[in-house]
Amino acid sequence: MKLKPINTISLGCCILLALGIVFLPHSLAAAGETYANLLEKEITITGSVQDTDGNPLIGVNITVQGTGIGTITDLDGSYTLAVPDDAKALVFSYTGFGIQTISIGTQRVIDVTMEFGTALDEVVVTAIGISREKKALSYSITEIGSDEISTVKDHNAVNSLVGKVSGVVISQGTGGPGAGSRIVIRGNNSITSNNQPLIVVDGMPIDASGSNSGGSVYNSNVSGGGITDINPDDIESISVLKGPNAAALYGSRASNGVLLITTKKGMARNGLGVSFNSNITFDNPMFLPEYQNEYGQGTGQNVPANITDLKSASSSWGPRLDGSSQLYYTGEQRPYSAQPDNVENFFRTAAKIVNTVALEGGDQRYNARFSYTNNKTEAVLPNSDLNSHNFTLRSQLSLTDRLSLDAKATYFTQELNNKVSQGSEGIMAYLYYTPRNVDIEDLKTYQIPSESLDAVSYSSLGANPYWLLQHDRNYNRREKLLSFAKLQYEFTPWLSAFVRIGTDVTNIKGESITQPGHHFNKPGGLSASNSRNMETNADFLLMLNKDVTSKVNLSVNLGGNASHRTGENVRFTSSDFKIPTRPILANTRENQPFYTPLTEKKVNSVYGSASISYDGFAYLDITGRNDWSSTLPEQNRSYFYPSVGVSLLLNRFIDPNSKTFNMIKVRGNYAEVGNDTDPYQLNTLYFVAQDGYLGRTTLSRDNVRKSESLRPESINSLEFGLEFRFLKNRAFADFSWYKIASEDLIYDVPVPAATGFGAFRENIGRMTNTGIELLVGGSPVRTNNFNWDIALNFSKNSNELEELVEDLESHTLNTTNSGNVAIRATVGGGYGDIYGTTWRTNDQGQVIVNANGIPLASTDRTLLGNAQPDWIGGLTNTVTYKGVSLRFLIDARIGGQVYSATNAALDGSGSSVESLQFREGGTVVDGVVEMDDGTFVQNTTSITAQQYWGAHSGIGANYVFDQDNIRLREFVLGYTLPTSLLSNSFLQGASIGIIGRNLFFLKKDITHVDPEASLGTGNNGMGILSANLPTLRSLGVNISLRF
Amino acid sequence: MKKYIKFLTLLFAATFLTQCTGDFNDINVNPSGFTSDEVSGKFFLTGPQVRLYAPDRFPYWRAHLIHGDRYAGHFTFGFSGCWWSDGLGYSYSSAYTDASWGWLSGYIGGLDNYMKLVQAGGEFDNPYMHAIGTIMRGLYFQMYTDIFGMIPYSEAVDADITLPKYDDQKSIYAGIIAELDEAIATIGDAEKTGANVDDVGENDLYYGGDLQKWKKLANSLKLRMGMRALGAQGADFAESAITSALSSGVLEAEGDNCLLEKDITISQWGSATYGDVYYNFGRGSDWKVGKTLIDNLRNFDDPRLEMYADPAPGGVVTITKPDGTEAALHQKRLDFIYQTLDDAGAEYTTETVEDVTTITMAEETYYIGQPTRINGETNPYVAYEFWSKPDERVIRRKNTNEIFPEIVFTTAEAYFLRAEAAVRGLGTDDAQEMYQKGIEQSMKLWNVADADIGKFLSDSPMAQLTGSQEEMIEKIAIQRWINNYTDGFEAWAIVRDYGYPKELAEGVADFDIYAPGDINGKYPQRMRYGNQALNTNGANVNTAISVQGADQQDTKLWWAK
């Protein structure tokens, strides 16, 4: 279905203005009301909370209805709360137990019994920040709470979602501290554009520059961006809105889903609240490649007799390591013996220390929370670390009885030193394949300054990982200022509205220095950049919620948003230092400055939703949104898209007495979303070269033929779901099926260069994602002191590129250095198909070898797999016994393939255990030799192991592996100190936890490497592994104190 | 408090007011881009002139150096300590091939943009500028088709055709010659493209806007193409192209040389030099001069020898007999090295103690070329110290001193072509005179002293065009091949066309020493098509393959059959 543009250009701003101003006078009037007496009388309410079996419930949330005043129950399930004397009711909420609201009246002691599984009333945050009862929703949504994000702390909060949310594939960036992750919800929708979800923090979309990074097979530097700038300790919850159905109201940018982050607020309380959280973990490589330790540096089973030839033979193809005295790369004679730990010894145990202190306080009129977090993370490589600071101040203020202000400011700054690059020219590439007899200690003499600044190493290439770490300086600083102010006014109990304005300013400074002597950049170079991205959103929402009759409830929301995004960038690259000892700009011979003037993008939107419920069992939702985007041509600038959904609770007809079923829900939803593009995509222009040849003015044309008739992209999605709760709410199941189709993709169609262009920009193609998601779980054991909860999720997505453009079969996303493997999106196939070379064969399927007996590579590349997993799943178990709790997560990624250039290079360099094969006596490849007359005769020529593995390592098909792996991802053993122990101390609460991540594999098909490692977080980051940093195993403690 | 609310209201209203769609068109136009009404046609000529001969480092290295200069036998890799085996390029590599294809196939966009702007009815309508563009097209399509064979020509850069067909080489040659005729006729007696902004002037890096020189270049190119087509199947246009070019006038004076001066300060990612590769990687990225070239200069006392190359570094080299399977070939490989050094007249001593042989040779004394296509196992024997490297003027680093210019078309080449025409009985020139003028111009290009030129012309047997017709053709071919040093693609075409120097054209057969590559030791006849072509225009590529022959490096092109 194509989107139909509305051809009234000015409609956008007019509606915005009209709606925006309509209720502002009310706000002004409201402000005229006198501010109520701040110091009202308080009353104290006490009580205890227990479950139906009489067990005390610990940590139940209790708030005064309509305010932020609240507390939680202690270890004995009891609580004390000071409430204003006009407070009407207390709201008790507890995960898995739903919500209960109790009128206060004249009561001063309120004891509550909560029933497990009354989650029917569970409320979740949905699009535009609207809280909805989960049972009313016609689409799937998952909410993850703060304890799951901040206990087993990862610098990147999204890594804490791995294995916990169905339908979400998170590929963790393996680029060391500060690296982001690739997040794909319900499959890839776009061929070349962003495929990752929108990040919304407290209602404001944030800038996510840096979240699609890396991917180069040569030198991949994976940065972070978006969610990595958000402090995990500040997060209250993350709602995962999966795709268009849940996210339609967010419009264009939500077509890949939304991660809706709600941050912590202050609570009304007695006195000052102080909490301190300290998290110390130690990282080590989870595992390293399996090396052989029988043969050392050399070639042809020989140690060359002079240094030049020895360094030319930089692989482990020498003779057997027999301890005899042999020439060593330093020029000395050394015992020729194995150094089994030479790779392992390069790494250090890296400490990660995250400390958070939070202060909060307030009353029913005003509350505030301030938090500061410091994160110091070392990389497992020397001389590489991260240091970040995060300051957040959040305040809520009741200006009048009806008017309230909510405001927040966050400043985040992060410094990254010597972020490690991956790929064939990254540091690991010069470490992993080190000859087996080279002592890593010797490599620490990476330079002999009295002779030359050049790197010294065991190879003629001259690459030394220590030289790189000490001299390839790489510095990156991110700063983000995130703030908003929101005014909300309650006209009547059923009608309210808010206006909000928020800004996100992100500054990124990068500096990289290659000092003279670098093994392939002897003259050295320096580059620096400074970029600033800003996003301002102003929006309003009018909210109506009214019971029309006793059985019919109507909820209507109308809103508008004006989004203004800007970017600017200054950078220079210079090279060739005049005086080699000082890497500064003035000291370079060549310098190229770049300056990008302010790039602007504006999108205006109006949207609305209506929900009608009937008698608490039937729900109908309708939404609509119209966007006006500055990036599209005038005639196609405005586009509208709707969604409709139905949810029915059938249990009252099927099992009215809840004998077995507590809930049976069916739901269906259809949604459309339009999508625009980046600025400056319409006009073909001429560009002047800054360094014109010999000083001449030179102009050139874009290599892409732009189009002035681009239309918005269209994505539509159909979703059905079935949910059950049964056995007294002790068990639950949730099943979803969806099909997402994206069409009219804005794409640079590669055309033959003979047309004069590299590509024509057009709307083309159709890509679909079809999948199922299943979540089952429950509480098999609930006794006095012992509880066991279990949850299992499973999701399977299949992606198909149905059409691209006539005569174009595929789009190449990435290729290896030698071109033996390409990652593609192919028509009729999927996104991330892996194509590669195989052994060359004749018509009979016999392997063809050359005159020297060496097997050859096929001339074309064939389909060898796909980089997307077939299915993913996670199993979380939580066992609690009194104050002790144990939680562990096992997650699985099954199906899908990956090409490992690392494994190929380990074999090619004679380092791997596999390369021991054929060392003595060589092998005769079972193949045929082609004669000049075109006939084939059986091969009889023997080749050496070095020749065999040299040929073997060049073939793509030999290194495509299944990604299948199951691992113990997370482990937390926690203990909460009983209140009785603390009663005489200044502490109000304390807990301690032992935490672990990436502990071990239960199953893994590929050898040497982690199949989930990646070269980047962009579309080109999947399917190829090459000298990645090892996956890290973290072990540590978490201490939490409340004063 | 009231003020506060008012402030927020204003802020809110202001945000929305400025957010009307009124400025949407303005903010979506890239301020870094120019439109045609701000600029002039000549600014679009310079880029295409540079990019064909001095592109950025990626194609400079992957196309020009790896394929052109090495297939020509001028440069060699694969000495001991070299990063690259000398089999590189003889075995198909999709990455290097795709880079070469990407550069040449993608080149046309910039030139075509210039042509469309200056054509009749274009924004900067100027027939003379258009004629210059047409001659550039000739240079481009000749280089492009001589590397790959059939390519899109007649349907290229047609706005209505997305998938242009591949033309056979005969039609391309005929087409270019006709285009050159048109340009020659348009130029007539005109001297400049116009006045002020209409004068291409200094934006024309080849001739500074001198149209008469462009006309000579057009005729010279026509002569080259006619000569290459001569004798090929169905090349009925060749003879008339040769004779009409000769009568209209080709490059004659030293100042007629069409050269592209090197920019010695520009970034390697704007335009590269050999030095950008040679010096960036340490000794491993050095390369050597090929044996055939050095032999042809040294054996005839050619004074260009010391202009082209440096003496071998010499010194002490140790070679150890390997264990294992390679041991059996140790003596054979050692003997191969001794033979090569002996042939070059080098004096050296050898001493063998147990398995270690030490070879000592005087430093910086002998000119010795490295044999081409050495295999990986022989690599340890081919020590760095034995071989001559290119002269500093060729491989010099940027930001230091003058670098030898890029050859577009030399006056010497025009004389050699005239000599060949005379040998074949075409035109009215004297073969010996033309041949010697060619050698003279070639030497002047390399700053050889006049006295040395005179001595060579009078004394060297190589300077005398004698013998049978075939022997004369061989000499002319070898001189053209020597003259095109640093213009590898043209030099490679000469070897393929004439089969000289024989040593190169015959390929290699002893795989104990040489690398067979994908073509069993045969001499490469073309490069394979890039994957971009198969991906975007597969059907037309396959049609071309069915006409031309398998998409392999040993499939001979139309004029080489």
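Visitor: How many residue pairs are in polar contact between chain B and chain A?
Guide: This is a predicted model. Between chain B and chain A, 24 residue pairs are in polar contact, both residues at pLDDT 80 or more.

Visitor: Which parts of chain B supply the side that touches chain A?
Guide: Several elements of chain B each supply at least two residues. They are helices H1 (2–18), H2 (24–27), H3 (46–53), H5 (94–118) and H21 (531–548), plus strand S4 (315–320).

Visitor: Which of them gives the largest share?
Guide: H1(B), with 11 residues.

Visitor: And what is the make-up of that side by class?
Guide: On chain B, the side touching chain A has 40 nonpolar, 38 polar and 17 charged residues.

Visitor: How many salt bridges between the two chains?
Guide: Two. Asp23(B) forms a salt bridge with Lys602(A). Their closest N and O atoms are 2.5 Å apart.

Visitor: What area is buried between them?
Guide: About 8000 Å², and carbon and sulfur atoms give 59% of that. In residues, 95 of chain B are in contact with 101 of chain A.

Visitor: New topic. Why is helix H9 of chain A largely enclosed?
Guide: Because six of its eight residues, in the run 901–908, are buried.

Visitor: Which ones are buried?
Guide: Ala901(A), Thr902(A), Asn903(A), Ala904(A), Leu906(A) and Asp907(A).

Visitor: What covers them?
Guide: The cover includes strands S48 (897–900), S53 (960–962) and S56 (1024–1025) and helix H10 (945–952), of chain A.

Visitor: What follows H9(A)?
Guide: Gly910(A), with a positive phi near 70°.

Key. Residues numbered from 1 in each chain as written. Chains lettered and ligands numbered in written order. Predicted model: local features only at pLDDT ≥ 70, side-chain atom pairs only at ≥ 80, totals over all residues. Heavy atoms only, no water. Contact = heavy atoms within 4.5 Å. Buried area = accessible area lost by both parts, 1.4 Å probe. Salt bridge = Lys/Arg side-chain N within 4 Å of Asp/Glu carboxyl O. Polar contact = N/O pair within 3.5 Å; in protein donor to acceptor, adjacent residues only side chain to side chain. Helix = DSSP H or I, 4+ residues; strand = E, 2+ residues; numbered from the N terminus. Nonpolar A, V, L, I, M, F, W, Y, C, P; charged D, E, K, R; others polar. Buried < 20%, exposed > 50% of the residue type's maximum accessible area, 1.4 Å probe, protein only.
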